[in-house]
Protein chains: 2
Amino acid sequence: MSTEFSFEVLQRSDDSAARRGRLTTPHGVVQTPAFIFCATKAAIKGVTMAQMRDAGAEIVLSNTYHLMIQPGADVVEALGGLQSMTGWNGPMLTDSGGFQIFSMGHGSIADEIKGRRSPNGGRATTLLKIEESGATFRSYLDGRKLTLTPEESVRIQRKLGADLVVQLDECTPFHVDRDYTRKSMLLSQRWGDRSLAEFARLNDDGRQAMYGIVQGGTFEDLRRDSASWTRDRDFFGTAVGGTLGGSKAQMEDVVGMAMAHVHPDRPVHLLGIGGIRDIFMGVALGIDTFDCVSPTRIARHGWALVEGAPGERINLRNAGFKTDTGPLDPRCACYACKTASRGYVHHLLKAGEMLGAQLVSIHNVATMTRLLREVRAAIETGTLADARRRWVADEPASEEAA
Amino acid sequence: MSTEFSFEVLQRSDDSAARRGRLTTPHGVVQTPAFIFCATKAAIKGVTMAQMRDAGAEIVLSNTYHLMIQPGADVVEALGGLQSMTGWNGPMLTDSGGFQIFSMGHGSIADEIKGRRSPNGGRATTLLKIEESGATFRSYLDGRKLTLTPEESVRIQRKLGADLVVQLDECTPFHVDRDYTRKSMLLSQRWGDRSLAEFARLNDDGRQAMYGIVQGGTFEDLRRDSASWTRDRDFFGTAVGGTLGGSKAQMEDVVGMAMAHVHPDRPVHLLGIGGIRDIFMGVALGIDTFDCVSPTRIARHGWALVEGAPGERINLRNAGFKTDTGPLDPRCACYACKTASRGYVHHLLKAGEMLGAQLVSIHNVATMTRLLREVRAAIETGTLADARRRWVADEPASEEAA
C-alpha cells in the first residue's frame, strides 16, 4: 500500500461510535464524516465540477457498470482517467459494477429504496446468469451480452483510475431466505479474495486502494461473519452493502450488526444511503462516508433540501412559492440561495428550464456538504444531538417504533 | 430621458461604417459592438448568470411573449423585475412580444431562419387576428385567447423591468408582396407612435429606454421610409427587424438599405442575427448590437463554435472526437476549454448528460464574447479584415454570388 493513502481518526465521540477522521488519497484529503456525490456516468447531473467544489464537495464517485458500457474503460483511460477527464482532479471512488447488475437483474426493491433506475426508466438491464466465475448480463445500451468477473471489475476500475475502488460482490436481494443470503455472502467473499488478488497484481504503483464489502442481509450472524471476513483481509477500507432491511429501525440494527465487527482503524463507507436522518444514524454508529444519488435526483424533480423541514425538503414546484422572494433555505449560502428566489426557481421548474434543476442541484449539494461540516464540528464539540435536532424536525412515532 | 442612458461612439472605422461604442444603462455599461444573449424565459438555457459573467457576457435579453404567458409580468414584477429575479443585475433588453406572435402565426420562414420554435416543437401558438388596436393570439401554454396592443406591450415590459425595451411592430413575413409589406410597415409605425406615447406616460423615472423598429421587408424605398420614421421619433435606439431576405448577400443589401437612413447617433440593434460571418457583415454596416438564440441552441445539439472552422462550428457528437484529449477550441480560455476535452464532452452528449449541453453552451457564449472583443479591438486598430479572415474560414463562392 502506498503511503499516499491513509485514514486517521482525529477524535471520537463520547456518547456514540461517531468519529472525526481524515482520509488521505493521492488526489487530496477528505474530512470525515463525508458525503460522496454520485457522478454516475462521470458527470454530476447538471453541476460542473467547479460548482461542486464551490458547494464544498470533497469527493465524488462514478459507477463502473455505466462507464464499462459507455464510453468504455479504455476510452476513459485514453482521456486520462476519471479525475482528469471530468476536470474534478480530486479524490474519487468507483464501485465494482455489481450493484446495478444485480439490483436490476434481481428486480429487487434495493434500487427502488436507493433510487436507482436504468436510463429509460424501466428495467432495461437483465441479469442472465450468476456463476462462480462472475455475472453475465445484457447491456442497457444495445442489449449485447457482457460478463463481469471480480478480476475484470478490478481491471476496469484500474483503467477508470479512481483512488478508491471496491471489490465485486453480489448485492443480495431483500426478499430471499437465510440460505440464499448465506450462499450469496460466501460467493461475495470468494469474489472478494479474487478481487484482492487481481488488485495486488495490478496496483504495483499503489495509486489505488480497495474496499471490501460486508454482506449478510438482515441476519446478525451473517453480518458478523461477513464483517469479520473483511476485517481479516488486506483491504484499505470497509463498505457496508446489501439490503439494510425494510424500515429505518431495521436499517439501524443491520448497520450496527456490521459495525460491531469491522476493522476499527479502517474507513467505513455505507453504500447508497443519503437521507439526512439516515446520515445521523450512520454517523452515530461510526460510519465515515456515505453516498447516494438523491441530492441531485430529487433536485431534478424540484425538491430542495431544507434544514429542519418536515421530510427534510420542500417542493419548489408547489404554487405557494410562485411569488416567494426568499432564498431556497435562509440558512444556506450557496450560489443558488445567494442569487435566486424560491419564486424564480418555481418559474424555471414550471417553464421546463434546465437551469431550475441546476440551481436546486447546486443547493442540495451545498446543503449536504454543510450538513456534513456541521456533523464534523458537532463531533468535535460533543454536540451531535443538538445538530440532529436542528436538521431533523419531524420524528413520526410510527416509524421509530417500526 | 434619464441621464443614466447614453450611447457614445468612441471610434469609427476608416474603411467601413463599423464603430466602437459605449452603451450606458442604469444596470451597467455595454461595450459595443456587442452580442446580446437570449434568456428567453428569464434563463439562459443551461448556464447560470455567474457563468455568463465569467464567459464575458455584458447584456442579455428576455422575451416578452414567453414571460407574459409564463409566469406573467405581475409575477416577474413581484420577484423584483428581470435583473433582480434572474440574479443577472446587469443591462437587459426585452422585445415587444410581436416577433413570436407574428412569426408563428404567419407560418413564415422567419422563425426557421432565426431558429425559434414553440416549446413543444410545433406551431402551438396561432395568430388569430391583426387589427388596428393590436394582435390576438392563442397562448402556447393553455390555448387561452390573448390580445397584445402596443400599450399593453409597453406596460408588460415596464413590469419586466429591462433597461432597454422595444416598440410593438408587426413582423412582416417574407413571402408577401410589396403592398402587404407597405401596409404592415405603416401599421408598425402607428403602433410605434402609440408605444412611444405609452412609454412617455409610464417612464417618469427614466429607468427604461425604448428602441424603434425598422421594417419594410426587402424593398429599398420602404426600408428608407421606415428608417426615416424611426430617426424622426424620440426613440433612444434603433432596431432593424423584419425579413432580411433569402440569402447572405440579400441580408447585407437589406441591412444596408436601413442603415443608410437610421439616426446616426443612436445605438442600432440587428434583431435575431448571430452567425459569425453575419456579425462581421453587420459590424461593417454600423450595427452596434446583435442577438440570437443560436449559441446556446446549437450547443444543446452538440455544436461548438470554433474560430475559423468550416461552417463556424464542429459537432462534438461525431465519433471522431471519442478519444480526442484536446479542448473544444485551443484558442479559447473558457471554463469548458480549461477543464474538459472534446472526448469527455463527446461522452457526455452521447450519454445524454445535461452537463454536455451546459459545457458547450458556456463555450459558445465565451466564444461569442471573445469574437466581439476581438471585433472591438480590430475596429480600434483598423484590422477588421484580419479579424474576419481569422474567424471566417470558408467563403463558398455560390453563396457570395447569390
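Is N89(B) buried, partly exposed or exposed? N89(B) is partly exposed, at a relative accessible area of 47%; buried means under 20% relative accessible area, exposed over 50%, and partly exposed in between, with a 1.4 Å probe and protein chains only.

## Model and confidence

This is a predicted model, in which local features need pLDDT of at least 70, side-chain atom pairs count only at pLDDT 80 or more, and totals for chains, interfaces and linings use all residues. Residues are numbered from 1 along each chain as its sequence is written, chains are lettered from A and ligands numbered from 1 in the order in which they are written, and side-chain values use heavy atoms, with hydrogens and water left out.

The predictor assigns the complex an ipTM of 0.94 and a pTM of 0.94. Chain A has a mean pLDDT of 92, and 92% of its residues reach 70 or more; pLDDT is the predictor's confidence in each residue, from 0 to 100. Contact means heavy atoms within 4.5 Å.

## Relation of the two chains

Two copies of a chain are related by a rotation about an axis and a shift along it. Here, chain A is superposed on chain B by a rotation of 180 degrees with 0.0 Å of shift along the axis, at an RMSD of 0.0 Å. The copies are thus related as by a two-fold rotation axis. The same surface serves both copies, since 100% of the contact residues of chain A recur in chain B. The superposition is by least squares on the C-alpha atoms of residues with pLDDT of at least 70 in both copies.

## Helices α11 and α16 of chain A

Helix α11 (residues 276-284) and helix α16 (residues 384-391) of chain A have axes that come within 10 Å and cross at roughly 170 degrees. The two helices are therefore roughly antiparallel to each other. Angles under 35 degrees count as roughly parallel, over 145 as roughly antiparallel, 65 to 115 as roughly perpendicular and the rest as oblique. Axes are lines fitted to C-alpha atoms, for helices over the stretch in contact, and angles run from 0 to 180 degrees between N-to-C directions. Helices (H or I, at least four residues) and strands (E, at least two) are DSSP runs, numbered from the N terminus.

On the α11(A) side the contact is made by I276(A), R277(A), F280(A) and V283(A), and on the α16(A) side by L384(A), A387(A), R388(A) and W391(A). These residues divide into six nonpolar, no polar and two charged. Ala, Val, Leu, Ile, Met, Phe, Trp, Tyr, Cys and Pro count as nonpolar, Asp, Glu, Lys and Arg as charged, and the others, Gly among them, as polar.

## Helix α14 of chain B

Eight of the nine residues of helix α14 (residues 342-350) of chain B are buried, so the helix is largely enclosed by the rest of the structure. The buried residues are R342(B), G343(B), Y344(B), V345(B), H346(B), H347(B), L348(B) and L349(B). Their cover includes α2 (64-69) and α4 (82-86) of chain A, together with β16 (313-315) and α15 (354-381) of chain B. Just after α14(B), G352(B) takes a positive phi of about 70 degrees.

Helix α15 of chain B also holds H363(B), which is buried at a relative accessible area of 0%. Beyond its neighbours within four places in sequence, H363(B) is in contact with A304(B), L305(B), L328(B), D329(B), C332(B), C334(B), A336(B) and C337(B).

## Backbone geometry in loops

Most residues other than glycine have a negative phi, and most peptide bonds are trans. A cis peptide bond joins T32(A) and P33(A), with omega about 0 degrees; P33(A) is in the loop between β3 (28-32) and β4 (34-38) of chain A. The bond from Q70(A) to P71(A) is also cis, with omega near 10 degrees, and P71(A) is in the loop between α2 and α3 (73-78) of chain A.

E312(A), a residue other than glycine, has a positive phi near 75 degrees. E312(A) lies in the loop between β15 (303-305) and β16 (313-315) of chain A and is buried, with a relative accessible area of 15%. N89(B), which is not a glycine, has a positive phi of about 55 degrees and is placed in the loop between α4 (82-86) and β6 (92-94) of chain B.
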